[in-house]
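User: I am new to reading protein models. Can you walk me through one, feature by feature?

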Amino acid sequence: MMCKTALLLLIFIATTSNALMKKQTYIVHMDKTKITTSGQSPGDSKEWYESVVDSISELLAEEEEESESTSPQLIYVYKTAISGFAAKLSTKQLESLKKLNGFLSATPDEMLTLHTTRSPQFLGLELGKGLWNASNLESDVIIGVVDSGIWPEHVSFQDEGISPVPSRWKGACAEGTKFLQSNCNKKLIGARAFFQGYEAAAGRINEIKDYRSARDAEGHGTHTASTAAGNLVKNASIFGLAKGSAGGVRYTSRIAAYKVCWSEGCASSDILAAIDQAILDGVDVLSLSLGGSSRPYHSDKIAIGAFQAIKKGIFVSCSSGNSGPSTSTVSNTAPWLMTVAASSLDRSFPTTVKLGDRQTFEGSSLYVGKATKQLPLVYGKTAGDITAAFCMDGSLKRKLVKGKIVVCQRGINSRAEKGEQVKLAGGAGMLLVNTENQGEELFADAHILPATSLGALAGKAIKKYMNSTKNPTASITFKETVYGKPAPVMAAFSSRGPNEVGPDLIKPDVTAPGMNILAAWPPLTSPTQLKSDKRSVLFNVASGTSMSCPHVSGLAALLKSVHKDWSPAAIKSALMTTAYVLDSTHGEIVDAAFSNSTIATPFAFGSGHVDPEKASDPGLIYDITPEDYQNYLCSLNYSASEIALFSGEGFTCPKKSIMQPGDLNYPSFAVNFKRNSKSNTVTFRRTVTHVGIPNVTYVVQGNEPNGVSMMIEPKILTFEKTGQKLSYKITFTKKKGTTPQDSSFGIIDWAYLNTYHVRSIIAVTWT
């Protein structure tokens, strides 16, 4: 018994020792003002941080007879995004680091994920007019795209007729796998790859499958970069569909590509390093179509890095995530980030599915072959094993599927992979049907066999039909490109509020085109990204908040051209207060997540759909300074060390501040009431800056949220000159007899005649 106990003890000691020795990458925040190291003075030099890391080993050596077999590995030194570094540390080394004077925090590195011929026209942009007039497009604006890289030879990034690179640009074109300095030009002025954090977690990048450089192997980064700032390219299409002139929203902008995403994801330490470098390089706009789950701002590396960008006047646009329609899934929720949801264009790629009983359904597809004949229809057990309903790898049986159309449920594997499985099993076609949660959104995919996506209602009807007849059949007809569909419609996948991290803010902020968007694509990456797909395209259709984000990045670049003195918050305010909430038929925007034409809410679209031309002349703006954001963090009761992650040196929270989180000068209002409280009243204060014509008087009007009264003081604001600031307060009170509900919505509108309408969305949540 004693031997057994001793053996178990040895195993426990060995296991504990291995756990302590196991290393992990941490992002470390330091207070430079409190650190002194021998022979080095505090600063941003790599040598200084190396001495900090060396001191960890020295501390361990003093505490123990034997030092660890391997020293800490310094991965990045951050110069602007944060004060600190990324390093690979064991548990013991981390504990020693925490003992150093000046240590603030250390958080484990993590893997985040990647979240247009028609778009500019749909946004109301016209060549030679408004924001797209020649003088506005001539000014230099640099958009930094933090993504999966770029395909530099693409026609969307050629530099014919473009002026020399501005002297203020401090960036570089870093060489690597199949990427030379000569791949950059006057359009693509910078390209770098960040992989140290990724390789520390996932091992060395396989250069047969990916490029250990800024070259894009996936297609995502090329697509987003061209959406924001790609050249105007005539006769762009995919297999002849969506044909027209493709161009980025701010198509004359310069592009700087920062590759941080690889086959297994995007390491937060690499993302932070890219933001850090982009600030130093001199970008004007940062576009990040990536993210993870929402978390407190002091634990959110994108939020922390982006705050330093905002302090330098850089506008930062982020995707809201693709985890909808579940509630409280929105990510990238910090108030200084522009959080962008996704909705549809008025363009579609329709198909018609006809069943044997003559029922017909409209779907969507980029397949361009001939219509199928009326063929036998199989699904689930009639097509294969227990996982055949999802058409998973190896689940379909050839003897059951050959020559037939297979019904495949969305989910688990990719939409294109399902079609590949059908084709491998000898199937003649595929009906890809939505679940109830996926509603009526219709993805247009470049399938490798005759196939179409269908909504949840169609899927339900098709399954009912198949259960009612012994020999079900179906056919698929393809109708190319159609314009004029009611739009926008909110995409079901677009992540939703309420904002769990900051319930005092409505997130997302706005919506923009993100469904079936045509943009540039690497010619060596197939449109489906399947190995079996050998087709090559220069433009591809993709969907996601990843696609909507660069639309807003491009819009911010356009507004920076017109209003060079506007802060990032001013640009954000202009886009939010001029956004619209009606579709092209003048009805309320519908949510594709539901099958009964359910009206979308601000938890799906924020302030509404962006309207570029109106945003260029908003009348009033809600401006916010970096210090305002810091005071907001104080109102969240962040600790001094948490505040220091954002503020750096010299900032302390006001001792007698009466600011509440809802007092941040945000262009929308999130009101939180307690269900069981007898008295629910809250008052917020706002300050607006006049940026329109002089000598005007605004009168407020609005619609109260259900069950809530609101009082605004004053109700009239008179401005004599541009730049003048005036304040008002708004009080929300629960009406007597009101039964608390989950949420209700309203709006206030500061109007000057019919010239300006400055709208702020209101969301009331009962908790």
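This is a predicted model: local features need pLDDT of at least 70, side-chain atom pairs count only at pLDDT 80 or more; totals for chains, interfaces and linings use all residues.

User: At what angle do α9 and α18 pack?

Analyst: Look at the two axes. Helix α9 covers residues 301-311, and helix α18 covers residues 640-647. They pack at about 50°, with axes 8 Å apart. An angle between 35 and 65 degrees counts as oblique. So α9 and α18 are oblique to each other.

User: Next, the cores. Which residues have the most contacts inside the largest nonpolar core?

Analyst: Leu286, Leu288 and Trp336 do. That core has 103 residues. Take Leu286 and leave out residues up to four places away in sequence. Another core lies apart, with 27 residues. Leu620, Val682, Ile748 and Tyr756 are among them.

User: How do I read strands? In which sense do β31 and β33 pair?

Analyst: First the general idea. In a regular strand, side chains alternate between the two faces of the sheet. Now the case here. β31 (residues 620-621) and β33 (residues 681-690) pair in the antiparallel sense, over two bridges. Leu620 stands opposite His690 of β33.

User: Over how many bridges do β33 and β37 pair?

Analyst: Nine, again in the antiparallel sense. Strand β37 spans residues 725-734. Within β37, Tyr728 is the bridge partner of Arg686.

Methods
Residues are numbered from 1 along each chain as its sequence is written. Side-chain values use heavy atoms; hydrogens and water are left out. Axes are lines fitted to C-alpha atoms, for helices over the stretch in contact, and angles run from 0 to 180 degrees between N-to-C directions. Helices (H or I, at least four residues) and strands (E, at least two) are DSSP runs, numbered from the N terminus. Angles under 35 degrees count as roughly parallel, over 145 as roughly antiparallel, 65 to 115 as roughly perpendicular and the rest as oblique. A nonpolar core is a set of buried Ala, Val, Leu, Ile, Met, Phe, Trp, Tyr and Cys residues joined through side-chain atoms within 4.5 Å. Buried means under 20% relative accessible area, exposed over 50%, partly exposed in between (1.4 Å probe, protein chains only). Contact means heavy atoms within 4.5 Å. Two strands pair if DSSP finds at least two bridges between them.
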